[in-house]
Amino acid sequence: MTEIEYTNLQELERGEFLAILNEDKIRKHLVTHEQFNDESLADWIASKISVDATRGCKVRGIRINGAVAGWCGIQFENDSYELAIVLNEAYWGIGIRVFKDLMIWASELGHRTVVLHLFNTRPEYKFLTKMASRVYESTMFGQKYTSYELKVPNSRQQ
């Protein structure tokens, strides 16, 4: 059985995490930016730790059966709480499980809705379209995304 462990980003092995974040197949689905080096990765992790400390947000590293697999989180960007999932290609099949866990976190944090922005290189996901209260095209950082506004089930907020 596949064991998913969520951990603080600073607990991930830096070399493995750096390799994942710089992987071409992953980068083509993300905001365009320079490849990470040790210094820029440390700065990025520090910024995500700050996001994690923000009310309504949660950011974690992901290990699968002990191996560094990526990161995920709920962060406040562009006037909404958004979901982020970045996985090593070898673990793309567990993305739906991570997504479900993020939706549980969103409920625990009291969110009514969250947004998932998928870079326009990604195919349409029918399960997301069915779940979404709204699907729209958005532009962030000069790049186009398909955005899914998702109602959070069993939110503590009424």
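## An exposed loop residue

Ala 53 counts as exposed, because its relative accessibility is 68% and the cut-off for exposed is over 50%. The model is a predicted one. Ala 53 sits in the loop that links helix H3 (38-52) to strand E2 (58-64). Gly 73 is 20 residues from Ala 53 in sequence, and the two C-alpha atoms are 12 Å apart in space.

## The sheet

Seven strands make an open sheet with mixed pairing. Their order is E1-E2-E3-E4-E5-E7-E6. Strand E1 (4-7) and E6 are the edge strands, and each of them pairs on one side only. From one strand to the next, the twist averages 30°.

Helix H4 packs on this sheet. H4 touches E1, E2, E3, E4, E5 and E7. The direction of H4 makes about 150° with that of E4.

## Strand E4 and its partners

E4 is mostly covered, with six of its eight residues buried. E3 and E4 are antiparallel and share eight bridges. Across this pair, Gln 75 faces Glu 82 of E4. E4 and E5 pair in the parallel sense, over two bridges. Here Glu 82 stands opposite Val 115 in E5.

E3 and E4 form a hairpin, with two residues between them. Asn 78 in this turn has a positive phi of about 50°. Asp 79 also lies in the loop between E3 and E4. The phi of Asp 79 is near 65°, a positive value in a residue other than glycine. Asp 79 is exposed, because its relative accessible area is 73% and the cut-off is over 50%.

Strand E6 (residues 132-140) pairs with strand E7 (residues 143-151) in the antiparallel sense. Eight bridges join the two. Thr 139 stands opposite Lys 144 of E7. E6 and E7 form a hairpin with two residues between them. Phe 141 lies in that turn and has a positive phi of about 55°.

## The loop between E2 and E3

Asn 65 is found in the loop between E2 and E3. Asn 65 is not a glycine, yet its phi is positive, at about 45°. The relative accessibility of Asn 65 is 49%, so this residue counts as partly exposed. Exposed would require over 50%.

## Nonpolar cores

The largest nonpolar core holds 23 residues. Ile 62, Leu 83 and Leu 150 have the most contacts inside this core. Two or more residues come from each of E2, strand E3 (67-77), strand E4 (80-87), helix H4 (95-108), strand E5 (113-119) and E7. H4 gives the most, with six residues.

What does Ile 62 contact, leaving aside its neighbours within four places in sequence? The list includes Ile 4, Glu 5, Tyr 6 and Leu 12. Ala 67, Val 68, Ala 69, Gly 70, Trp 71 and Cys 72 are also in contact with Ile 62. Leu 87 and Val 98 are in contact with Ile 62 too. Another core, of 18 residues, lies apart from the largest one. Among its residues are Phe 17, Ile 20, Ile 45 and Val 86.

## Helices H1 and H3

Two packed helices are described by the angle between their axes and the distance between the axes. Helix H1 (residues 14-21) packs against H3 at an angle of about 90°, and the axes are 11 Å apart. H1 and H3 are therefore roughly perpendicular to each other, a class that spans 65 to 115 degrees.

H1 makes the contact through Arg 14, Phe 17, Leu 18 and Leu 21. H3 contributes Asp 38, Leu 41, Ala 42, Trp 44 and Ile 45. The residues of this contact divide into seven nonpolar, no polar and two charged.

Definitions and conventions. Residues numbered from 1 in each chain as written. Predicted model: local features only at pLDDT ≥ 70, side-chain atom pairs only at ≥ 80, totals over all residues. Heavy atoms only, no water. Helix = DSSP H or I, 4+ residues; strand = E, 2+ residues; numbered from the N terminus. Buried < 20%, exposed > 50% of the residue type's maximum accessible area, 1.4 Å probe, protein only. Pairing = 2+ DSSP bridges. Core = buried A, V, L, I, M, F, W, Y, C linked by side-chain atoms within 4.5 Å. Contact = heavy atoms within 4.5 Å. Axes fitted to C-alpha atoms, helices over the stretch in contact; angles between N-to-C directions. Parallel < 35°, antiparallel > 145°, perpendicular 65-115°, else oblique. Nonpolar A, V, L, I, M, F, W, Y, C, P; charged D, E, K, R; others polar.
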